[in-house]
Each structure stands twice: as C-alpha cells, then as structure tokens.
Amino acid sequence: MSAVIKRELKAYFTSPLGYVILAVLLLFGGMNFSLVFANGYADMTYVLGSMVTIIFFVIPILTMRLFSEEKKQKTDQLLLTSPISIRAMVMGKFIAAVTFFSIFIGVCVIFNLVFQVFAQPDWIVFLGNVVGMLLFASSLIAIGVFISALTESQVVAAVGSFAVSFFLMSLNNIASLVNLDFVTKICDWISFSARYQTFTQGTFDITNTVFFLSVIAIFLFLTIRVIDRKRWA
Amino acid sequence: MIEVKNLTKKYGSHKAVDDISFVVNDGEILGFLGPNGAGKSTTMNILTGYLSATSGKAVVNGFDVLEHPNQAKKQLGYLPELPPLYLDMTVKEYLNFVYDLKKVSMPRGPHIEEICKLVKIKDVYHRLIKNLSKGYRQRVGIAQALIGNPRVLILDEPTVGLDPKQIIEIRNLVRMLGKTHTVILSSHILSEVQAVCDRVIVINKGRVIADDTPDNLSRNLSDDHSMSVIIDGERKAVESALKNVKGVKSVSYVRPHDKANEFVVEPIMGYDIRRPLFQLVTENNWPILQLKSNELTLEDIFLRLTDETIDTSNLERSLKARKEVSVKAEDIIFETEEKEDAE
C-alpha cells in the first residue's frame, strides 16, 4: 500500500495537475482569508465556509485520473498482477488523495496562526472546522475514486463525480422545494452541506462523523467491487 | 511449474478460451502461437491473475491463482502485450516502484542494477519513460517482469515493435533467462517461436490445436507430405520406376522441363522416400535436377489457420489424426526395419 501512496503523491507533483489544484486552493483560500482578515474577523469558519464551492470543483479534478488513467494506459495490469490486494490498491490511492488535500488544511493552520498573532481565534471551533472539512473532502474523494474506477476517461470521471457530489450537496435546496415531509427528511439526512455546517459551529457531532466515515467506507468498498468485478466480466 | 486445467473464459456467449489444458515444466520455454484473438493474451491474463477464468483452474508452482492469488503472483513476472509503464516516471522511479509493489526482499540497489545490466537499460536509467523509444520501453517492461527474480516469466509478445537487432537481442535474453526460469512466451512470429522455444502450443479460436516441439510441429502440422522432383529421363520409364519405389503411394506427372520431367510423388504416411529415390535414379543414371518437399512450412500452416475463409476444423482434426498416425507409422517403419535386419 505504501508503494501506491508514494507513487500517487509523487504523480501529483510530476504533472502540472497537482500544482494547478494547489494553486487554485491557495489562491481562493488566501483571498477569502484576506477578506475575512480585512473585515476584522479572526474566524476560519468564514474562510473555510466560502471554500466549500471551490473544493467541489477541485476534488473531482484531484481524483479523476486515479483509476481511469491506469486503465487507459493498461498500468492496472501491473497493479493487479502484483502481490498486493485490490483493497490495498484502492486504499493507497484514496489515502494519497486525502494526503494531498491535507496540504491545504496545513495552510489553513498557518492562516489561523496569523489570526493568533492579532486576535484570539477559537481553536476549538477551528478544530471542528478542520475535522469537518477533512471528513467532507474525504467523502467527496471517495466518491471521486469510485467514479474514476468506472471509466477510462478522465473527463468523464471528473464530470461524473462533480455531478454526483453537486447533487449530494444541493439536496437540502431540493428538499426545501418539495412539500412532502418524508422527502425533506431524507434529503436533509443525506445532505452533505447541512452535516458539514454543524462542524463549523465547533460542535463535534458523532452522527455526522459516522455519516461521513460511512460514505467513505461505502464508496471505497464499491470501488473494490467494481475493480474486482471487471476481472470476472 | 505451471498447470492449466480445463480453463475456459467466456465473454458473454463468446468463448475467448475454450477448455485449454497444458503443463509447463520447470526450466522450459513454452511458446504460445496463434493468430490475433486466438486467446493467447487471455490465457496469460488468467495465469497472472489479471482476469478470472469462467471455469477451470491455473496453478503456478503449486499455488492456485484464484485461491492463493498473492503467493501465486509472487512466483510470476509478467510482461503484458502493452508494457504497463507509468510515462510520468523515470526508469529509476518506475523500477523502484515495482520493487516496492512486489515487496522484494533482495537488496534494492544491486538487484535493480543487475536487471538493468541484463536488459541493457543503464544508459536510460535516469530518463523519463515518456521520452523512451519503443524498444527501450519494451526492455523496461521486461526489466519490470524480472524484478524480484520470479521463477516463472510470462511474456506476451515481447519482441513486438522492435527493430531486427533488438529482436535478436531480446530473443537471446529470453533464451538465457530460460536456463534459470520457466518461461511462457506468446508470439505470432513463427521463426521466433522456432528459435527460442523448447515447446510450442498452437492456439486457435480459444482451443489448443497442437502441442509439440517446434521441429515435430513443422513436420506433423503439414497435411501434405508429397515431394516434387525433376528428373532428367524418359517420362514413361521414370514414372513407372517411381511407382515401384518402396513407400510411394502415388506418382503424378506435372510438366516437362526442357528434356527433364517434373513429377509429384506422394509417399505413404511416415515413409522417407528420399534415399530409395536417390538409389533408383543413380541405378538408372537419371540425374535429379530438383527434389523439393511440398510440406507446408509453419508459415503456411499459420496463414491457413488465420484465414477466416477456410474452415479450419478439418485441418485441426487432421492435425490431431496425423499426430496419432505418425506415431503409428514410426512403429511400422521400426518393425519393417527389424524384419529386414532379421532377413
């Protein structure tokens, strides 16, 4: 597994892709940070809150090539004929993507340290924000990994995972339009943004944590199944 | 040692591999021969665990590929049809990645260096794979298969796309590796199989249609054992004399060549008529101007197999029958020789 993680992380930095993603995250992160800073607030909640939309666009790009490119270049033959399990392979790629994303979280810590110089930011709220953001992003990454395993085309993978994550995100907007009680309930329950919001208030909610972890587990499991099933097709 | 038993792979209703069985012994170089789409790659992909068989089983050095995939895969080095190279890596990074992936326990530096020396990629070691030529990419692919020094090597068309010099180099390399490894190599280049392999399995439409040494194959696969002979002599006399040569089944006249005449002589299965023929013509002082076997070359047979317009089922049947017959014919010759000795 460590071999896969190492390779994927390296691959982000040997192609322009990794740099572009980081540049986008840092640009908008920095912009939001300076806006919040200029308005006299010392709260990362605002910064991260306005990053959610950006992350939406970025995560599918981050995950699109993970499996589709392997299939296209036939390098999956190397992985699948090596003495490593499919599970280790999927986990390796997932962890690599999450690790790459964590660079952004690391930068957020620096932002908060800058706040610390001038004010007293609430570190508990910040921690909630960071954990929430990490869980939220990891769920999107797991979805992206799954969709990437379905296709040979990076573009299809990116568009597909963007569509799925956007649908999951906007569920609560849909819910408010529908006047049926149970539909609203289901939509609210699934809605990623509502669950992410609770983290930003600095409350550590076990249900939401379990929810995101379950989403990650389900999609990684599905990815393993999809790859394994292909051998039987 | 590799054992394949009743392996079948279906894609929907299409059988890519149809009930294939064979055994490869330790230290043997086995050639897989067959037209494109015959099921060579599919069989190899099943052997290496990339695909799963619909039924049947494949065992590598005692480990079932399906039941103990990781142990089985540790015994294997695989070069697929398209070398599985990450173009964004350098050769060094790539080989190190494969080393990690295969969890090799040998010392890293010397092991990789030895392989690079073997396949002659030391001068491109620090270059991006993206920038390498086809020949070098193929060699990096072979290097990848050798990492971890697996006992079994499976090479899918290792010389495809190489220039003649590289082809010879790779063949020599495979022959050398064959001394210490069990090798399965697929190809649709017959001379290659003939040059490198100890044994050949011919696959067509997912089935094994022949399994023999290359020499026996070229002899037995042919369904025409007749010889064409041009003899400088009077037509009628030569023709009737030829008919009386021991082992001759039929003689037919073809056409005159100046003063000489061309005949096609068909021997009885299993007889070598060249010596008696020579004796006959020297006795009668008829100079032989040409003696040529009409036997199909492997090339011819292969072309016939690949030709979709010809129904190959008859050929396949005759190949099988011929193999049995030729074994019997050998016995007969042996017996008659014994009788002659007794006389």
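This note goes through the sheets of chain B and its interface with chain A.

1. Basis. The model is predicted, so local features need pLDDT of at least 70 and side-chain atom pairs count only at pLDDT 80 or more, while totals for chains, interfaces and linings use all residues. Residues are numbered from 1 along each chain as its sequence is written, chains are lettered from A and ligands numbered from 1 in the order in which they are written, and side-chain values use heavy atoms, with hydrogens and water left out.

2. Six-stranded sheet. Chain B has an open sheet of six strands in the order 6-7-8-3-9-10, with mixed pairing. Helices (H or I, at least four residues) and strands (E, at least two) are DSSP runs numbered from the N terminus, and two strands pair if DSSP finds at least two bridges between them. Strand 6 (76–79) and strand 10 (207–212) of chain B each have a single partner strand, so one side of each lacks a neighbour in the sheet. Neighbouring strands are turned by 15° against each other on average, direction ignored; axes are lines fitted to C-alpha atoms, for helices over the stretch in contact, and angles run from 0 to 180 degrees between N-to-C directions.

3. Five bridges join strand 9 (residues 199–204) of chain B to strand 10 of chain B in the antiparallel sense, and B:Ile201 has B:Asp211 as its bridge partner in strand 10. Helix 1 (residues 40–47) of chain B packs on the sheet, where it touches strand 3 (29–33), strand 6, strand 7 (152–156), strand 8 (182–187) and strand 9 of chain B. The direction of helix 1 makes about 150° with that of strand 8 of chain B. Contact here means heavy atoms within 4.5 Å.

4. Four-stranded sheet. A further open sheet of chain B has four strands in the order 12-13-11-14, with antiparallel pairing. Strand 12 (248–257) and strand 14 (288–293) of chain B are the edge strands, each pairing on one side only. Strand 11 (residues 227–231) of chain B pairs with strand 14 of chain B over five bridges, in the antiparallel sense; B:Gln290 in strand 14 is the bridge partner of B:Ile230.

5. Strand 1. Strand 1 (residues 2–11) of chain B runs antiparallel to strand 2 (residues 14–24) of chain B, joined by seven bridges, with B:Lys10 partnered by B:Lys15. The hairpin of these strands has two residues between them, and B:Gly12 takes a positive phi near 65°. Strand 1 of chain B also pairs antiparallel with strand 4 (residues 55–60) of chain B over five bridges, B:Lys5 standing opposite B:Lys57.

6. Interface area. In chain B, 32 residues are in contact with 24 residues of chain A. The two chains bury about 2600 Å² between them, 59% of it on carbon and sulfur atoms; buried area is the accessible area (1.4 Å probe) that two parts lose on being put together, summed over both. B:Tyr50, B:Tyr86 and B:Leu101 supply 27% of the area that chain B buries against chain A, more than any other three residues.

7. Interface contacts. Three salt bridges cross the interface of chain B and chain A, a salt bridge being a side-chain nitrogen of Lys or Arg within 4 Å of a carboxyl oxygen of Asp or Glu. The side chains of B:Asp88 and A:Arg7 meet in a salt bridge at 3.5 Å, N to O. Strand 1, helix 2 (69–74) and helix 3 (91–101) of chain B each supply at least two residues of the side that touches chain A, and helix 3 of chain B gives the largest share, six residues.
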